[in-house]
Amino acid sequence: LFAGETEFLKGVVAMNGLPGADRMEVCFAGRSNVGKSSLINALTGTKGIARASNTPGRTQEINFFTQGPDLYLVDLPGYGYANAPLAVVEKWQKLLKQYLSGRQNLRRAFVLIDSRHGVKKVDEDIMKLLDSAAVTFQCVMTKADKVKDKDRAKVLEQVRGALARHPAAYPEIVLTSSEKGDGIPTLRSIIAGL
Ligand code: GTP
Ligand code: MG
């Protein structure tokens, strides 16, 4: 699946702009700055195809990438704090929720959690929305390179506890570092297995 080319298809700002639901799709959701765009770059091996930056709120549209002919990878705007005007943020948050609960070909949502911070209230809110929409979601821990082993174990325990409360959660948690490449082959094979 990942031997194919990755191409940017379009940035979407309203539900009626979504591409046709003609193939499997996976999306990457998470708080602003958690590392969604960086993870797409690492997964596809095409640095810079998804724009990443240190400013929370970098991705403001729903960005579709084609991965070969059979898969869409979807980079979402973040939720939680963003360095953008409130009216703009509210608009993209609304779109994000509509997308997450109303996309027929969405096979799995990856909910990204910072390895240093664990699951926050805003993550819980998104998980509840995914429960209601019956969208299977899986947690991906990001920035694993930034945390010590002993701290990581503690955060993982917190994340496991949170997932246990969500019927739509897939129990396996994937540890990743887009910087170092940890967990990237694992995540690729999970997606290929869908
Ligand atoms: P928004 O689009 O604003 O919601 O952010 P995002 O979730 O797409 O995050 P993005 O990929 O833009 O990354 C945010 C910052 O974290 C950037 O400065 C990245 O270089 C950094 N970053 C992302 N992944 C990793 C990682 O695995 N390790 C380290 N050390 N830094 C990372
Ligand atoms: Mg982004």
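Why does Asn33 count as buried? Asn33 has 23 C-beta neighbours inside 10 Å, and therefore counts as buried (20 or more other C-beta atoms within 10 Å of a residue's own; 12 or fewer is exposed, in between is partly exposed, with C-beta atoms placed from the backbone). This is a predicted model, in which local features need pLDDT of at least 70 and side-chain atom pairs count only at pLDDT 80 or more, while totals for chains, interfaces and linings use all residues. Residues are numbered from 1 along each chain as its sequence is written, and chains are lettered from A and ligands numbered from 1 in the order in which they are written.

**Sheet and helix packing**

- An open sheet with mixed pairing contains 7 strands, ordered E1-E3-E4-E2-E5-E6-E7; helices (H or I, at least four residues) and strands (E, at least two) are DSSP runs numbered from the N terminus, and two strands pair if DSSP finds at least two bridges between them.
- Strand E1 (6-12) and strand E7 (169-175) form the edges, each pairing on one side only.
- On average, neighbouring strands of this sheet are turned by 25° against each other, direction ignored (axes are lines fitted to C-alpha atoms, for helices over the stretch in contact, and angles run from 0 to 180 degrees between N-to-C directions).
- Strands E3 (residues 62-67) and E4 (residues 71-75) run antiparallel and are joined by 5 bridges; Phe64 has Val74 in E4 as its bridge partner.
- Helix H3 (residues 121-133) lies across strands E2 (24-30), E5 (106-114), E6 (137-142) and E7, and runs at about 165° to E5.

**Nonpolar core**

- The largest nonpolar core has 46 residues, of which Ala29 and Val111 touch the most other members; such a core is a set of buried Ala, Val, Leu, Ile, Met, Phe, Trp, Tyr and Cys residues joined through C-beta atoms within 7 Å.
- Strand E5 supplies the largest share of this core, 6 residues.
- Beyond its neighbours within four places in sequence, Ala29 is in contact (C-beta atoms, placed from the backbone, within 7 Å) with residues including Leu76, Leu100, Val111 and Ile126.

**Ligand 1**

- Around ligand 1 there are 24 residues, of which Gly35, Ser38, Ala52, Thr59 and Gly78 come nearest; a residue is near if its C-beta atom, placed from the backbone, lies within 6 Å.
- Helix H1 (residues 36-44) gives the most to this shell, with 3 residues.

- Asn33, in the loop between E2 and H1, has a positive phi near 80°.
- Ala134, in the loop between H3 and E6, has a positive phi of about 55°; Ala134 is exposed, with 9 other C-beta atoms within 10 Å.

Notes
Two residues are in contact if their C-beta atoms, placed from the backbone, lie within 7 Å.
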